[in-house]
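Please consult the sequence and the coordinates alongside the text.

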Amino acid sequence: MIWLQWATCAVVTILLLTRLPAFLRGHNRLMFWLMTLLDLAVLLSIGGPYLAVDQLLGGHNVANLILRFIIFGFTLLLGVRVARAFSGFRAERALLGPFGLGLLAVASAILVASFVLSDLATSRVGFSTPDLELWPAIYGTMGRIYPTFTGIVLLPVLTSTVRRPGPALLRWAAAFLGLGYFDLAISNIITVLPKEDLWLSQSINYSTILLLCLGLALVWVSSIVGKARRRNVVDA
């Protein structure tokens, strides 16, 4: 499903470029960095770019470890951005408080340890092994636990936004973000899926990215519409 990988990369790149003018003006730079991290993550999940980067790093799958930390950074920044956009103050405290940051530290430590113990000597896209081996499986699982945690923290505020009256665009944004995080939670089954179900793994991964991108784009459009309406009220 290489077409899905490159299509997702194209969508993220387009969103990144749409944020560039605002970034250069100094406005909402967090969104630009979010799209940058996501673009890098998508590129490193595609065979050609991954193998090229990993060979530059020595050919021992260090590129995959970098990819995992890019995803950790992206999901933390995204979680904070989403929590603030939907007034999820408890969610933000959970992400940036002792438990959230502690979980990030523990997940990162186990991720590095399991990476070293996996001892994969050659570049393998997705850190894949012929059979379900212990340390690569732990490595894959730890790479998903923290991102899933950020989604679980945010789902209540997103669900309440969808249910309560409010701007339609913002409610749709919350719905798509919620579906994306739900997809992210489902992605935890990927590490135990057989190789024959690679298409399912990729579908879950890239549908998660596309849903989150759509939700973020609607948050942005909703903010633009809201500012335009406020200007019209002032001018009237």
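At roughly what angle do the axes of helix α3 (residues 47–56) and α4 cross? They cross at roughly 115° and come within 8 Å. This is a predicted model, in which local features need pLDDT of at least 70 and side-chain atom pairs count only at pLDDT 80 or more, while totals for chains, interfaces and linings use all residues. Residues are numbered from 1 along each chain as its sequence is written, and side-chain values use heavy atoms, with hydrogens and water left out.

**Helix α3 against helix α4**

- Helices are DSSP runs (H or I, at least four residues), numbered from the N terminus; axes are lines fitted to C-alpha atoms over the stretch in contact, with angles from 0 to 180 degrees between N-to-C directions.
- Y50, V53 and D54 of α3 make the contact with V62, A63 and N64 of α4, where contact means heavy atoms within 4.5 Å.
- These residues divide into four nonpolar, one polar and one charged (Ala, Val, Leu, Ile, Met, Phe, Trp, Tyr, Cys and Pro are nonpolar; Asp, Glu, Lys and Arg are charged; the others, Gly among them, are polar).

**Helix α4 against helix α6**

- The axes of α4 (residues 62–85) and α6 (residues 98–118) cross at roughly 170° and come within 11 Å, which makes α4 roughly antiparallel to α6.
- From α4, V62, L65, R68, F69, F72 and L76 meet L104, A107, S108, L111, V112 and F115 in α6.
- The residues of this contact comprise 10 nonpolar, one polar and one charged.

**Aromatic rings**

- The structure holds nine aromatic pairs (rings of Phe, Tyr and Trp, the last by its six-membered ring, with centres within 6.5 Å; planes under 30 degrees apart are stacked, over 60 edge-to-face and the rest tilted).
- The pair of F23 and F32 is stacked, because the ring centres are 4.1 Å apart and the planes are at 20°.
- Both F23 and F32 are buried (under 20% relative accessible area; exposed is over 50% and partly exposed in between, with a 1.4 Å probe and protein chains only).
- R29 lies over the face of F23, at 4.9 Å from the ring centre (NZ of Lys or CZ of Arg within 6 Å of the centre and within 35 degrees of the ring normal).
- F69, F72, F99, Y146 and F149 are linked into a cluster by ring pairs.

- T161 is found in helix α7 (residues 134–163) and is buried, with a relative accessible area of 5%.
- Leaving aside neighbours within four places in sequence, T161 is in contact with F86, L170, R171 and A174.

Note on methods
Helices (H or I, at least four residues) and strands (E, at least two) are DSSP runs, numbered from the N terminus. Angles under 35 degrees count as roughly parallel, over 145 as roughly antiparallel, 65 to 115 as roughly perpendicular and the rest as oblique.
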